[in-house]
Amino acid sequence: MENLNTPAENTWCPGCGNFGILTAVKNAIKILQENGLSKDQIVICAGIGCSGKIFDYLNLSGVYSLHGRDIATVQGIKIANPDLKVITFSGDGNAMGEGLTHILFAAKRNSDITVLMHDNGVYALTTGQFTPTTEKGWKGPSTPRGSVEEPFNALTLLLEAGATFVARGYTARINHLSELIVQAIEHEGFSFIDVLQPCVSWNNTYKHYNEIVEIIETEPSNFEEAIKIAKLRDRLPIGVVWKKKQPVFHDALYGNFNPTKNSFSREKRLEFIKNVLT
Amino acid sequence: MKKEIFTFIVGGKAGEGVKKAGSVAASIFAKKGLYVFQMDDYMSLIRGGHNFSVISTSEKWISSHYMNGNVITCFDKRSYEMHSDKLAPEGYLIYNSDEKGDMDGIGIPFSSEAKKYPAKNLLFGVGAVASMAAVIGMKLDDLNETIKHEFSKGTIDNLSYAKTIYELTSSKIDHVIEIGNGTNIRPIIFGNQAIALGAIASGLNVYYAYPMTPASSLLHYLAAHAEDIGLAVIHAENEIAVINMAIGSAFSGARTMVGTSGGGFALMVEGFSLAGMTEAPLLCLLSMRPGPATGVPTYTEQSDLNFALSAGHGEFLRIVASPGTIEEAFYLSAELLDLVWKFQTPGILLTEKHLSESSMTVDLKLDEIKIINPEIYQGNDYKRYRDNEDGISQLLFPPSSQIIKWNSYEHDENGITTEDPHWISRMHDKRIKKINSLKTYMKKIKTVNIMKGDLPLNIITYGSTTMSVLEALKYRKLTPTVIQPLYLNPLPIWELSKFKDQINIVIEMSSTEQFANLLREKVGYNIKKVIKKFDGRPFDPIELSTMIKEAI
């Protein structure tokens, strides 16, 4: 496990929910390695925000992308080399605001990527504005009289968009979260975990979540049931909300072909051009 | 009689096969060993409106269409009204007599003859080709072969309709126009196809785009041939996704390209800057159309030069180059894809609708494409942003046991985020060192075309306007030196400065003289006159030659 650490100084606030995610990811990678996955095959991306800082704290290869664009970047990595296992770390502002189009389309095309959404319901790094998933009435620097918008429900949005693996986790249930991350990465297709992540500085939800979070005992067997669970607000079920098998994007597009590894030789390319020109 | 340059214009409504008729005519000329240039003028609509195709051909190299036609075939009234005054002396104006009563020219009942067949409107294109074939004295058997080969559906009806139109036209003309012959049969390719072939030669693996005229035909061409050459071709949700996916693919080691026009490029600019920061090798086709905003989607302009030169916030190396001809588009596309990999930075292949969508006969030398794959790091102490002397850090791709981190934030050599003043300035220096490394490299390659003339006068132009200029200089005994920079950033000042105090005329398609201003600001050019056009239409060579004469 030591080799997943980097020398980067950790700048999260003491008690930040992100520490739970970092630990769970390290646990999950250990389990994945035991299951036979090489660490070299894992590539990560991150958006911008407190969530994205995890990029510097994990000794894994990848691209620290732009705000919201990590979901596009990570798909590009996979498309060019489908052998890689790709994961991106997005905040709720990142994935549901700036990156909303990208995540909906990633789900729609069943891109074989994993999106971990660090859902703290606040733009923490930019001093506490409301996000697309913040409850109505939030008083922040951009909404001093309280936000007047209803929040998005990330789970139902992605279910409707065609996500083939949708789950919710909680940073204070680290073992449960670790298992979920393993399942999400092992899932073939688009996998999404909405990770409830308290922000100790702007939106400390530990007490609230501890009261209403409950583990899903039986995974929903049909889509309607999944939607019903995803819509619950007075209690927050954690676990796998929905999963199904479906052909993944790159397979549907070009089968077993790997555009980078199987790149055509210069001779073949010139041959093609000669044919076009005659 | 024989024409040195023969021009065929065919006009009609969208959906009537105007462009196809133009391409078939072009192919007839090319098969005679002639040089050909085809320009398609079409509106942003699917059915109706007015579209026309102009094909000029000659025994000598030709780089433009001509707006005066030796044969003008009009399917409808609107085409007749638009083109009837553009008939060259001793030319033939062929019109659809079912749409317009007795007029000047040769009336052919295109519609009533077509109504005898189930395909009706689809036959107009065949008819246009048949009428032109009659005028140039093509044998009916040869016409039949062409029709069979070029029009895949409804061959029997096509041949029967073609024969009717051919015979009707032959009976009404009083002379045949000879167009000559050549010895070499050359392929005809369109600009975006040349760009695609260049990129394929240069090792393209992945192409992303969101449809936008006039770049879409690159997407369509690559998508159609993806399997033949092992490409991943993806039409993503928007241009923002396009460029960010492309950066991801470059990280995986794929030679990646994206393509769009001004509005789409505006969306890509954020990602363009990311490519600068992460040092992602990335090539973008930016095919200009008149702006601002939606502008005039299917027409041409050179108004995004400044935008391309300064695209993306922050300071980084942007390579910008623009081909002057369709042949050059092939070589430059290959060279640029190679350069962005050598220097690990984003590059723009800047062109226009006029080059992207026009077609011409080409002589391509494939051996001239020399690609050297970048050296992959072999040691065991990999640092993505190792601060080498030339500013270029070696690449390594996953999967690897070593850590490869590309970072959008300012970073240290390992790609870890930093706010340390030492690293901020050092990494700025590292990226800027690449500009000088590139300039050193560029001094060894061709960066400016200089076509020596014998007048004490220079014409400076770039992009597809070069094709118009070269054609215009065939007239009025105009022999200035033509200077055409291929590279616009870094601008090859070392080549261009030799001419700055001479008598210079700049020709470009921008209302604010962007190109002339670049030469003034960066090279201190003394410019006597700027000839400019910004109505969406490329120059006609005769019109341009008059303008040049007046400027001299």
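Tutor: Start with one pair: Ala209(B) stands opposite His235(B) in strand β9 of chain B. The model is predicted, so local features need pLDDT of at least 70 and side-chain atom pairs count only at pLDDT 80 or more, while totals for chains, interfaces and linings use all residues. Residues are numbered from 1 along each chain as its sequence is written, and chains are lettered from A and ligands numbered from 1 in the order in which they are written.

Ala209(B) belongs to strand β8 (residues 206–209) of chain B. Helices (H or I, at least four residues) and strands (E, at least two) are DSSP runs, numbered from the N terminus. Both faces of β8(B) are covered. Val206(B) and Tyr208(B) are buried on one side, Tyr207(B) and Ala209(B) on the other. Buried means that 20 or more other C-beta atoms, placed from the backbone, lie within 10 Å of the residue's own; with 12 or fewer it is exposed, and in between partly exposed. In a regular strand the side chains alternate between the two faces of the sheet.

Now look at the neighbours. Four bridges join β8(B) to β9(B) (residues 232–235), and the two run parallel. Strands count as paired if DSSP finds at least two bridges between them. Another four bridges join β8(B) to β10(B) (residues 256–260), again in parallel. There, Tyr208(B) stands opposite Val258(B).

Step back to the whole chain. Chain B has 18 helices and 21 strands. Its radius of gyration is 25 Å, close to the 24 Å that the globule rule gives for 552 residues, so chain B is as compact as a globular protein of that length. That radius is taken over C-alpha atoms, and the rule is 2.2 Å times the number of residues to the power 0.38. The C-alpha atoms of chain B fill a box of roughly 85 × 55 × 40 Å along the principal axes. Of the 552 residues, 57% count as buried. Among contacts in chain B between residues at least 6 apart in sequence, 72% join residues at least 24 apart. Two residues are in contact if their C-beta atoms, placed from the backbone, lie within 7 Å.

Follow chain B to helix α17(B) (residues 514–523). Its buried residues are Phe515(B), Ala516(B), Leu518(B), Leu519(B) and Val523(B). They cover an arc of only 155° around the axis, which puts them on the same side of α17(B). The arc is that of the directions from the helix axis to the C-beta atoms. These buried residues pack against several elements of chain B, including β20 (504–508) and β21 (527–532). Just after α17(B), Gly524(B) takes a positive phi of about 70°.

Some backbone details deserve a glance. Most residues other than glycine have a negative phi, and most peptide bonds are trans. Glu279(B) has a positive phi of about 60° although it is not a glycine. Glu279(B) lies in the loop between α10 (262–278) and β11 (282–288) of chain B. The bond from Pro398(B) to Pro399(B) is cis, with omega near 0°. Pro399(B) is found in the loop between β14 (359–361) and β15 of chain B.

β15(B) (residues 405–407) and β2(A) pair in the parallel sense over three bridges. In β15(B), the bridge partner of Tyr64(A) is Asn407(B). The whole contact takes 46 residues from chain A and 47 residues from chain B. On the chain A side, α3(A) gives the most, with eight residues. By class, that side has 23 nonpolar, 17 polar and six charged residues. Here Ala, Val, Leu, Ile, Met, Phe, Trp, Tyr, Cys and Pro count as nonpolar, Asp, Glu, Lys and Arg as charged, and the others, Gly among them, as polar.
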